[in-house]
Amino acid sequence: MLLLAVPVAARQAGPAPIPTPTTTTYGYTVFVRGTLVGREEVTVRTSADGITITGKGRLSGSLDIVMERAEVRYRRNWTPERFELEATVNGGPASLQTVFESGTAVTSGTDGGQRIDRTDMISS
């Protein structure tokens, strides 16, 4: 039992190593009830600052969504930093930005011509 505790304690002593920067892109085909409705492309980037996940894609049929850009940024400790979305939904523009800081999520933007301004308390 003591032999197992020593390596764990030694690993916890120092700061987490800085990850080597990487970028990986994935493509997804989207089906609804067996019918092809779209495609999504997602890129994951890691760096010394954290992790950034970006995506773009299109869903057609009854889901008329064109996602020009969606991006989520996480700090190194996996806490959210920022979310951004630029899309067209059923022919109308949608643009959202959320900033996560000091226990709040502040969102602003528009959805279908309606202004959105909202602040929510979140756990840090």
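V99 stands opposite V106 in β7. The two strands concerned are β6 (residues 92–101) and β7 (residues 104–111), which run antiparallel and are joined by eight bridges. Strands pair here if DSSP finds at least two bridges between them. Helices (H or I, at least four residues) and strands (E, at least two) are DSSP runs, numbered from the N terminus.

This is a predicted model, in which local features need pLDDT of at least 70, side-chain atom pairs count only at pLDDT 80 or more, and totals for chains, interfaces and linings use all residues. Residues are numbered from 1 along each chain as its sequence is written, and side-chain values use heavy atoms, with hydrogens and water left out.

**T98 in strand β6**

T98 is found in strand β6. Is T98 buried or exposed? T98 counts as buried because its relative accessibility is 7%; buried means under 20% relative accessible area, exposed over 50%, and partly exposed in between (1.4 Å probe, protein chains only). The side chain of T98 makes a polar contact with that of T107, at 2.7 Å. A polar contact is a pair of N or O atoms within 3.5 Å; within protein, one must be able to donate a hydrogen and the other to accept it, and residues adjacent in sequence count only if both atoms are side-chain atoms. Apart from neighbours within four places in sequence, T98 is in contact (heavy atoms within 4.5 Å) with E81, R82, F83, A105, V106 and T107.

**The sheet**

The protein chain has one helix and eight strands, and its elements run α-β-β-β-β-β-β-β-β from the N terminus on. An open sheet of eight strands has the order β1-β2-β3-β4-β5-β6-β7-β8, with antiparallel pairing. Its edge strands, β1 (22–32) and β8 (114–121), each pair on one side only.

Eleven bridges pair β1 with β2 (residues 35–47) in the antiparallel sense. These two strands form a hairpin with two residues between them, and R33 in the turn has a positive phi of about 50°. Ten bridges pair β2 with β3 (residues 50–59), again in the antiparallel sense, and this hairpin too has two residues between its strands.

**Whole chain**

Of the 124 residues of the protein chain, 21% count as buried. Among contacts with a separation of 6 or more, residues 24 or more positions apart account for 14%.
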